[in-house]
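Dear colleague,

Please find the structure below, handed over for your own work.

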Amino acid sequence: MSSRGLLVVIAGPSGAGKTTLARHLVETFPEAVFSVSCTTRPARGSERDGVDYRFISNDEFSGLVASNHFLEWAEVHGNRYGTSGEWVRNTLAAGGSVVLDIDVKGALQVKRAVPAAVLVFVLPPDPAELGRRLSGRGTDSNDTVSKRLSAAAGEVALLGAFDYFMANDSLASSSVGIESVYRAERMRLASQSWPSEAVSYHTGVFSGLSAWKGKRVLVCSGPTREGMDDVRFISNRSSGLMGLSMVNAFLDAGALVTMISGPCRHDTPPGSVPLIRVETAAEMLAALREAVAGADFLVMAAAVGDYRPKVVMPGKLRRGDGFLLELEPTPDLLVSLDAPCPVLSFSLEYGPDCRERALEKMLKKGSFAVFVNRGDIPGQGMESETNLGELIFADGSSAEVPGGSKRFVALAIAGLLGERL
Ligand code: ADP
Ligand code: 5GP
């Protein structure tokens with residue numbers, strides 16, 4: 001399986017050596033590309049439009065901010081600079097690594113938007129050396145150099161939010177350092193799917209993945225929320241990570257994926273995936289009814305609430321004495337939907353009879369298969385980064401899915417399903 005690219009963010013004070021190290025990375029690793037930022041500052045000396053920066057007007061920059069073009073942007077030393085979000089996402093999705101050379105505030109924005117980004121803080125040995133490098137570069141006036149120097153302490157104060165620190169003393173050792181960070185990150189299992197070497201030991205499951213090429217897969221994910229009043233709601237602990245991992249697994253296998261997601265932390269699929277956001281079980285059912293037409297397969301990984309308040313109070317319930325909240329059942333989505341395509345359902349179970357209960361549910365819902373995991377065992381299910389469980393098919397056969405990150409578990413599930421389709 002192909003691995004996804006890395007998003008490497010090199011930040012630090014002006015003159016720290018970010019551009020030097022960013023250029024070193026893209027020259028060393030052929031899949032790494034430099035992100036050309038937009039800026040409102042005028043071009044200096046030999047700088048070329050589209051190569052060093054995209055030099056744009058203030059009005060043009062404001063328009064791009066308003067249209068959400070930027071993954072991050074910041075005002076740095078009196079000018080605005082920004083990184084194109086769509087370009088970064090498309091490059092990563094195509095398997096490339098992206099290297100950003102941006103200021104510290106921008107780097108922190110990137111981490112919020114893309115938690116997998118690798119943040120490297122670069123700093124020369126001391127402020128005097130930083131000053132010498134800034135002046136030695138010969139691109140800035142004395143006034144600009146002293147402004148940039150005086151901003152450095154504030155930028156250094158934020159280094160605790162970074163993943164790596166790189167002392168840029170000699171260029172030879174910091175070049176080796178940044179290469180080591182890049183190589184180590186490429187080897188992290190969390191940033192890649194199954195390495196091809198490992199795939200060769202499990203050819204059955206992975207040949208199953210090829211069955212999904214060109215298939216239209218609808219993934220329904222995340223928790224639902226049912227309002228008590230305009231402010232409070234009843235929900236559950238689903239993070240949406242398993243649903244998102246299923247989306248990524250089917251994408252890796254070449255399927256055309258659409259996602260329906262309740263409100264959750266992990267609901268941002270790659271840019272190519274249409275995302276329909278919903279809140280309540282009733283909204284999820286309506287979205288499913290519309291999106292399921294034409295789907296070849298439905299993955300029901302959503303944690304749909306079973307109950308909702310019978311009456312939703314307008315406004316905000318005032319603090320006072322206790323009160324009884326009357327709940328009514330929500331519709332059973334799969335039973336109401338009667339999907340026109342095979343369905344994988346998920347069943348989170350507690351206690352010893354979980355397999356039997358999951359089987360019973362699968363038959364009632366008419367699913368093609370059910371993935372059962374145990375909520376009462378740590379490392380499985382909601383709010384966990386990892387999962388493991390059993391995939392049971394309607395014909396009574398089953399397969400154990402070994403534990404691992406949800407991304408790995410999702411690939412194994414998609415492969416096992418593909419084998420049976
Ligand atoms: P930044 O992109 O962080 O503003 P640059 O990469 O432009 O910084 O580096 C600032 C100046 O310092 C450049 O002239 C560069 O050639 C020089 N430089 C970078 N790293 C080193 C180093 N390790 N030793 C000496 N000079 C360096
Ligand atoms: P310079 O004007 O010297 O090229 O860059 C000034 C500062 O702006 C540097 O710290 C540089 O890393 C930062 N910068 C360049 N591009 C971007 C960007 O797209 N976003 C942010 N936040 N900072 C940037």
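The side chains of Arg308 and Glu328 form a salt bridge, with N and O 2.9 Å apart; the term denotes a side-chain nitrogen of Lys or Arg within 4 Å of a carboxyl oxygen of Asp or Glu. Arg308 belongs to strand E16 and Glu328 to strand E17, so this pair ties together parts that are 20 residues apart in sequence. Helices (H or I, at least four residues) and strands (E, at least two) are DSSP runs, numbered from the N terminus. Arg308 is partly exposed, at a relative accessible area of 22%, and Glu328 is likewise partly exposed, at 23%. For these classes, buried means under 20% relative accessible area, exposed over 50%, and partly exposed in between, with a 1.4 Å probe and protein chains only.

Before going further, please note that this is a predicted model, in which local features need pLDDT of at least 70 and side-chain atom pairs count only at pLDDT 80 or more, while totals for chains, interfaces and linings use all residues. Residues are numbered from 1 along each chain as its sequence is written, chains are lettered from A and ligands numbered from 1 in the order in which they are written, and side-chain values use heavy atoms, with hydrogens and water left out.

Further salt bridges

The structure holds 24 salt bridges. One of them joins the side chains of Arg44 and Asp140, at 2.9 Å from N to O. This pair links distant parts of the chain, 96 residues apart: Arg44 sits in the loop between strand E3 (37-39) and strand E4 (53-55), and Asp140 in the loop between H5 and helix H6 (142-156). Asp140 counts as buried, because its relative accessibility is 16%. Glu129 and Arg132 form another salt bridge, their closest N and O atoms being 3.0 Å apart. Because these two residues are three apart in helix H5, about one helical turn separates them. Glu129 counts as buried at 18% relative accessibility, whereas Arg132 is exposed at 51%.

Domains and surface

The protein chain is divided into domain 1 (7-190) and domain 2 (194-314 + 323-420), with bounds that come from an automatic or database domain assignment. Taken over C-alpha atoms, the centres of domain 1 and domain 2 are 38 Å apart.

On the surface, Tyr307, Phe323, Leu325 and Leu327 form a nonpolar patch with about 400 Å² of accessible area together. Patches are made of residues with over 30% relative accessible area and no salt bridge, like charges being joined within 9 Å and nonpolar side chains (Val, Leu, Ile, Met, Phe, Trp, Tyr) within 5 Å. Accessible areas come from the Shrake-Rupley method with a 1.4 Å probe, and for residues only the protein chains shown count as cover. Phe323 lies in the loop between strand E16 (307-309) and strand E17 (327-329), and Phe323 counts as exposed at 51% relative accessibility.

Ligand surroundings

There are 14 residues around ligand 1, of which Gly15, Thr19, Thr20, Arg137 and Asn168 come nearest; a residue is near a molecule or strand if one of its heavy atoms lies within 4 Å of it. An N or O atom in the side chain of Thr20 is 2.5 Å from an oxygen atom of ligand 1. On its own, ligand 1 has 560 Å² of accessible area, and the protein covers 76% of it. Helix H1 (18-28) and helix H5 (127-137) are the elements that give two or more residues to the shell around ligand 1.

Ligand 2 is surrounded by 16 residues, the closest being Ser37, Arg41, Tyr53, Tyr81 and Arg148. A nitrogen atom of ligand 2 lies 2.7 Å from a polar side-chain atom of Glu72. An N or O atom in the side chain of Arg148 is 2.7 Å from an oxygen atom of ligand 2. The protein covers 95% of the 510 Å² of accessible area that ligand 2 has on its own.

With kind regards

Conventions:
A polar contact is a pair of N or O atoms within 3.5 Å; within protein, one must be able to donate a hydrogen and the other to accept it, and residues adjacent in sequence count only if both atoms are side-chain atoms.
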